[in-house]
Amino acid sequence: MPAFPEINAIAYEGPDSRNPLAFRYYNADEVVEGRTMRDHLRFSVVYWHTFRNPLSDPFGVGTAVRPWDDGTESVENAQNRVRAAFEFIEKLGAPYYAFHDRDVAPEGATLSESNQNLDAVAKVLKEEQDRSGIKLLWGTANLFSNRRYMHGAATSCNAEVYAYAAAQVKKALEVTHELGGEGYTFWGGREGYQCLWNTNLERELDHLGRFLHMAVDYAKEIGFTGQFYIEPKPKEPTKHQYDSDAAACLNFLRQYDLLDHFKLNLETNHATLAGHTMHHELEVAGSAGALGSIDANTGDVMLGWDTDQFPTDIYLTTQCMHSILKYGGLAPGGVNFDAKVRRESFEPVDLFYAHIGGMDAFARGLKIAAAMRADGRLQGIVDERYASWSDGLGADIEAGKHGLASLEKLMLERGEATPNASGRQERIENLINEYL
């Protein structure tokens, strides 16, 4: 029985279309900068928000109407949910999906029972992947929802909880590998602290570093060659999370000799919670060679928490795609819609409206960013601003031909340094608006 019987495959109809169940800008086969939109954007649907979120909030029960879900935590219901999920993803035309282990399969009374449940559902996931051609972008383990993780998982003060988390990651990594997952993500939902007075921060970070090394070692053991990601987020649910932003994650990865094994999975709403823009986080990761994948969403500027709304701001998606193109693309990562419909958008069709809008917004961002790069005016302004580093003194400094003493000698002779490059911020902002 189809889960979405009244909805056909979503087609590209062009900018003049008034059909809310059609793409106006996302044309999967259109070539931009030598690659199709499909290959640039690598869209992924998340299992947790799209198929497991009841649309509840702290002040009210869930509102979501999901006819295919009987509301139980049975394995049979979880298997039926997989078929509904793949029908949605297939009709949407997204090539990928992503999941947490506890999203797709119910947790059992014991670790062994949880593993058996996951195997039973993974069998149906594999059947649906083979049938539809949809692939797994990345998998992960939910190390934050269960009561046992109240003090964290890989940073828990309890060694037995740490061991349980390790066993859960082992299984999630095996299933991700069996399903052909192209990556595996760590999101430290509770890897942080609420109170420093009761926290041994150094010990917790050491334990987290060891935990990630164990995952790297086990991946090699089972032949998993997918990309590992770590996802920055500063707070919520903990007061402070160790993976607080891109710079903190990079510092951690360097400190624990993990940078060769991990890239960053960046999210817009997490960036803003950290006091940054997504543009900033993308540039920090990209300049370090660690830009891996993105969770595509946005927050509400009036609200100070992780609202996980679908991205529809063309300025934002243009910034994202300009940085992504600049640093060579996302593969094997992708544009993963870690976003949820609003509590008031409770009907199944709203899932389509939300994803279509996000996909169109990123398609527009891609085309605008490519036009900016082809035009060259923005890059010309940047090159002009840094012209003093292209030859002469600047080139010699970058080549390591100077030290403090030689630079002092030079400036004593010259007497003063005169800034000779305007930032051109207003001109640039006007220029960006031309493309939009």
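**Entry 1: a salt bridge within one helix**

I started in helix α5 (residues 111-132), where E128 and R131 sit 3 residues apart and are therefore separated by about one helical turn. I was working with a predicted model, so I kept that in mind throughout. The side chains of E128 and R131 meet in a salt bridge, at 2.9 Å from N to O. E128 counts as buried because its relative accessibility is 10%, where the cut-off for buried is under 20%. R131, at 46%, counts as partly exposed.

**Entry 2: other salt bridges**

How many salt bridges does a search of the whole structure find? I noted 24. As background, side chains of opposite charge can pair when their charged atoms come close.

I picked E236 and K233 next, whose side chains meet in a salt bridge at 3.4 Å, N to O. Here K233 is buried, with a relative accessible area of 4%, while E236 counts as partly exposed at 29%.

I also checked E384 and R424, which form a salt bridge with their closest N and O atoms 4.0 Å apart. E384 belongs to helix α13 (residues 377-385) and R424 to the loop between α15 and α16 (425-435), so this pair ties together parts that are 40 residues apart in sequence. E384 is partly exposed at 47% relative accessibility, and R424 is partly exposed too, at 35%. I then wrote down a network: D101, R102, E107 and R148 are joined by salt bridges that share partners.

**Entry 3: charges over rings**

I found R364 placed over the face of Y25, at 4.7 Å from the ring centre.

**Entry 4: aromatic pairs**

I looked up the aromatic pairs and noted 25 in the structure. One of them is Y47 with F51, a tilted pair with 5.4 Å centre to centre and 55° between the planes. Both residues lie in helix α2 (residues 47-52), 4 residues apart, about one turn of the helix.

F88 counts as buried at 0% relative accessibility, and F352 is buried with a relative accessible area of 0%.

I also noted a cluster linked by ring pairs, made of Y162, Y184, F186, F211, F224, F228 and F262.

I turned to strand β6 (residues 96-100). Why is it called largely enclosed by the rest of the structure? The reason is that 5 of its 5 residues are buried. In a regular strand the side chains alternate between the two faces of the sheet. I saw that layout in β6: Y96, A98 and H100 point one way and Y97 and F99 the other way, and all are buried.

Next I checked the strands beside β6. Strand β5 (residues 43-46) runs parallel to β6 and is joined to it by 3 bridges, with V45 standing opposite Y97. Strand β7 (residues 135-140) also runs parallel to β6, and 5 bridges join the two. There, A98 stands opposite W138.

**Entry 5: helix α15**

Helix α15 (residues 404-414) gave me another picture. Of its 11 residues, the number buried is 1, so this helix lies largely in the open. Just after α15, I noted that G415 takes a positive phi of about 90°.

**Entry 6: a nonpolar surface patch**

Which residues form a nonpolar patch on the surface? I listed V301, M302, L303 and W305, with about 500 Å² of accessible area together. I looked at L303 on its own as well: it lies in the loop between β13 (291-295) and α11 (314-326). L303 is partly exposed, with a relative accessible area of 34%.

How values were computed. Residues numbered from 1 in each chain as written. Predicted model: local features only at pLDDT ≥ 70, side-chain atom pairs only at ≥ 80, totals over all residues. Heavy atoms only, no water. Patch = residues over 30% accessible without salt bridge, like charges linked within 9 Å, V, L, I, M, F, W, Y side chains within 5 Å. Areas by Shrake-Rupley, 256 points an atom, 1.4 Å probe, with all protein chains shown as cover. Buried < 20%, exposed > 50% of the residue type's maximum accessible area, 1.4 Å probe, protein only. Phe/Tyr/Trp six-rings, centres within 6.5 Å; stacked < 30°, edge-to-face > 60°. Lys NZ or Arg CZ within 6 Å of the ring centre and 35° of its normal. Pairing = 2+ DSSP bridges.
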